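Here is a short tour for anyone who likes to read a fold with the coordinates open. Please have the viewer ready, and follow along chain by chain.

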Amino acid sequence: MKKLLTAAAGIALASALSMSAVAADKLKVGFIYIGPPGDHGWTYQHDQGRQAIDARLGDQVETVFVENVPEGPDAERTITRLARQGAGLIFTTSFGYMDPTLKVAAKFPDVKFEHATGYKRADNVSTYSSRFYEGRYVIGQIAAKTSKSGVAGYIGSFPIPEVVRGINAFLLGAQSVNPDFKLKVVWVNSWFDPGREADAAKVLISQGADIITQHTDSTAAVQVAEEQGVNAFGQASDMEAFAPNALLTSIIDNWSDYYIARTQAVLDGTWVSTDTFGGMDANMVNMGPFVNMPADVKAMAEATTAAITAGEFHPFSGPVYKQDGSLAAAEGEVVDLGSLLGMDWYVQGVDDKL
Amino acid sequence: MSAYEAIILTIITASTPLLLAAIGELVVERSGVLNLGIEGMMVMGAVCGFAAAHVSGSAWLGVLAAIMGGVAMSLLFGFLTQTLITNQVATGLAITLLGLGLSGLIGSDFVGLPGVKLANVSIPWLSELPYVGRLVFGQDPLVYVSIGLTVAVAYLLKYTRWGLIIRAVGQSHTSAHALGYRVIAVRYACIAFGGATSGLAGAYLSLVYTPQWIENMTAGRGWIALALVVFSTWLPGRLAAGAYLFGGVWILGLYAQAMGLGIPSQLLSSLPYVATILALVVISTNRRLSVINTPASLGQGFVPDR
Amino acid sequence: MQIVLEKRSQASSWMNVMSPVLAIGLTVIMGGLIFAAMGKPPLTALYLYFIDPLTSWWSIEEVLVKAGPLVLIGVGLAVCFKANVWNIGAEGQLTAGALMGAMVPVLLGDWQSPWALVLMLLLGALGGAMFAFIPAWLKTRFGVNEILTSLMLVYIAQLFLDWMVRGPWKDPHGYNFPKSVAFEGWHLLPMWGDGRMHLGLVVALVIALVLYWVMRNNLKGFEVRVVGSAPRAGAFAGFSQTKMVWFCFALSGGLAGLAGLIEVAGPIGQLQPHISPNYGFTAIIVAFLGRLNPLGVVFSGLLLAISYIGGEGVQIELGISDKTTQVFQGMLLFFILMCDTLILYRVRYLSGTQANIEGETS
């Protein structure tokens, strides 16, 4: 037994040494994932971004990732490990990694960190997020045009600002087409529980919703929609394969351009700490193909997408009224960035309370 | 389809995996064995079912594979607890742990792939009957299997010689042994049956409920099934009632949310657990209910004297 | 041929020592085979799993940080299980303890004094114990199965924590993200080393040693063993089963609550929706792996922590999924249980004819 272990140690040591020799020439880029890369949602898209780095800069960088890292005491250790093992750039891809990222960053001033969806920065910590709500506005318009019942169902994960923002943008888009459009919301208290998401979708459909959209990470709701003959939208990634007849379009998170640009900046020595809140204009939010809808709806969706991309239109353009009737942005104004980032109120017309 | 039909359909779908897993465990416990590994057997059933259905394209082959996956795990449990007489609680927990890990490994290649759905039964004329047609004649096949199994188990335990033997073994393994029954063999058979229905419950998740494979997709349903067995006081009829009650509370919680009543969603999500605890209290308080069918040698290993 | 078990007249002390060693050996061999089957170098993988975490000071610290809560919860559960009381809801008690202890920094944020920390630790233990009293009460008063109630309460506690950090206890300056204010000053445990080693580890070790002594030399330890292994004999000796249930839940719940508080006041530094990577459930394995002996739990906690830290290394270096760690732990528990059989039983092989005869006579 002891001999075996000694032999094992020798072999492992040798291989570890050869590994670090490779790593010395190449920039090591580390990723921390909250879920498995195969969730076909949030983590899947981040992993697509990682693979894009490999494809574009594979001769100069090496990427590694750790999956299923819980947002507790383990996060700090995992980030530290990546930094200790020579990663020069580390992407931490969930909100809950914010404080651990900053703690580790303070100990490794030479390593660059990129934290997704957070708001705390440092000299070597950037933050980045996407204006997913731009896509939500577009699908809201499509929903209002295609719905017969005038009621949509929205499956939420947790009431954090990002999700609330999406709900509001969706309804504002829908109301721009049909001012009486109604929205029912069900929270499933999970990012990833297909059974619950499916149940929620069924309940919403039984209450008259004929359009289902969700801010959770699995494809369950889309599948239920397909089965029950109502329409749905994909979230985070293109989910057409799961609902070829029901899916109208998908909002796709595209991290590839950002990840390649930031990695290139580290390689060039031009990396500085920034805060990126990119949308369609920065190619961080894409719309999937518009399918299963009449030509006029498609034309409208394309026009809105083009206007948002060109910066001519903002989904939270006034007048925007809060649920309690107070004015959030007057005619000609846009809801300010601070309110967007910390959004904890619904717009008028949401059939739910926060 | 009217709203009430839709609700009942949703409740049935939510309850069926619980009923399937629990009916097997009921038989296992009646034979005096406590298998806490339902969650692990179920999740293995889910992954085996999905994988086989995906590779072969046949949902029924998937169901078969799910049953085999569940049985394989249960036989491992049986080998440890019956042949090696290990602690049943600890072994059950180990089965759960192993099942969750192993299913993740097996399933890593199947995450994010569209699955094969087990088609609904649709009897041409009957399933179009107003009000009851869809509910009675238009379900997916496993719903009928779950109800059929419940009836069969009830009959088996109450009226057949086999049922008598299982109950005897569960009541007092020493007496059953003295009467010449092969205690260990009976228990092995019951454990395997429990594995089969747990696997079937897993198949229900990955082939009917949400036809896809996702790690830990059982999400604690195995434990609920376990609670239902105690709740039922080891009677199949009450078990079915309990399963539908639990599914009902769960779905109505979602329903209350969609109505926009403004109750915190965490509170609604915890209702089924609170309801389970309360139900357990009610059942346990009533001695007459709980003691009469409780297998007296539940959880004890048996070694024949020689 | 047939294998039968024969009860030993006396527990084998040799096997008592050898069984864990044998189990670990079997796990290593099986693990190597699995790695080989996955097309990964088995020896490198095993080295990364079990040896590499001990080769640097940093990872040793991390092993200790990970082992701390596992040991603390594990020793409580060990006593519980020894007495045949099945508390499997330590994860919920951990959550309750963290919530209760966090009252000090969240509600009394300005009160900075060493006593604040002492109060937090006490409240943490109290919160866990009080939450554990629910299944204890249901068990002793109504005879409700404690396995199920303690487990259901885990979900309830976690949902309650979720509600608290999204609602009443949300950090007012946190852009409405679900977390409490960051704890500061005396609301954090003293730390040393690279910044992750904390006072909680000492607490865990001391408590484990105290419980070891109690279980070995104290009447309470004897009572636990008697009530657990022979309840009727215990009743004759005047030991109350009811009191034992309360004692076990108070102890294991209190320790789990303390562990929860230590996590939020130590490595995490605030309340958030997820505070424990299933420590409460993993501690069940730790308790069994440590043979329900507090000293054994210290070792098994360390062993499991090593496998976690090693599991991460394997993931980064060889791209082996984290599920492997789970399978590993499941296997380890299986082998431990199997090998433990050898302490009380002797394996005998019977030839075909012998087996038939035995079968007929029995």
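Which residue in β8(A) is the bridge partner of A:Gly156? The partner is A:His215. Please keep in mind that this is a predicted model.

**Around β6 in chain A**
- Strand β6(A) spans residues 151-156 and is mostly covered, with five of its six residues buried.
- On β8(A), residues 211-215, the pairing with β6(A) is parallel and runs over five bridges.
- Strand β7(A), residues 182-187, is also parallel to β6(A), and six bridges join the two.
- Within β7(A), the residue opposite A:Tyr154 is A:Val185.

**The six-stranded sheet of chain A**
- An open sheet of chain A has six strands in the order β2-β1-β3-β4-β5-β11, with parallel pairing.
- The edges belong to β2 (61-66) and β11 (275-278) of chain A; each has a single partner strand, so one side of each has no neighbour in the sheet.
- From one strand to the next, the twist averages 20°.
- Inside this order, β3(A) (residues 87-92) and β4(A) (residues 112-116) run parallel and are joined by four bridges.
- If you look for A:Leu89, you will find A:Lys112 of β4(A) opposite.
- Helix α4(A), residues 98-107, packs on the sheet and touches β3, β4 and β5 (125-130) of chain A. The direction of α4(A) makes about 170° with that of β4(A).

**Domains of chain A**
- Chain A is split into domain 1 (20-130) and domain 2 (132-252 + 285-351).
- Their C-alpha centres are 30 Å apart.
- Domain 1 of chain A gives ten residues to the contact, and domain 2 of chain A gives eleven.
- Helix α2(A), residues 42-57, supplies the largest share of the domain 1 side, three residues.
- That domain 1 side is made of three nonpolar, six polar and one charged residues.

**Domains of chain C**
- In chain C, the assignment gives domain 1 as 1-40 + 320-362 and domain 2 as 64-317.
- The C-alpha centres of these two domains of chain C lie 31 Å apart.
- Ten residues of domain 1 of chain C touch nine residues of domain 2 of chain C.
- On the domain 1 side, five of these residues are nonpolar, four polar and one charged.

**Where chain B meets chain C**
- Chain B and chain C each bring 37 residues to their contact.
- On the chain B side, the elements giving two or more residues are α4 (88-107), α10 (221-231) and α12 (265-285).
- Helix α4(B) provides the largest share of that side, twelve residues.
- By class, the chain B side has 24 nonpolar, twelve polar and one charged residues.

- You will find B:Met73 in helix α3 of chain B, residues 59-83.
- Is B:Met73 buried or exposed? B:Met73 is buried, because 29 other C-beta atoms lie within 10 Å, where 20 or more are needed.
- Beyond its neighbours within four places in sequence, B:Met73 is in contact with several residues, including B:Met41, B:Met44, B:Ile95 and B:Gly195.
- B:Ser103 is 30 residues from B:Met73 in sequence, and their C-alpha atoms are 11 Å apart in space.

Conventions
Residues numbered from 1 in each chain as written. Chains lettered and ligands numbered in written order. Predicted model: local features only at pLDDT ≥ 70, side-chain atom pairs only at ≥ 80, totals over all residues. Contact = placed C-beta atoms within 7 Å. Nonpolar A, V, L, I, M, F, W, Y, C, P; charged D, E, K, R; others polar. Buried ≥ 20, exposed ≤ 12 C-beta atoms within 10 Å, placed from the backbone. Domains from an automatic or database assignment. Pairing = 2+ DSSP bridges. Axes fitted to C-alpha atoms, helices over the stretch in contact; angles between N-to-C directions.
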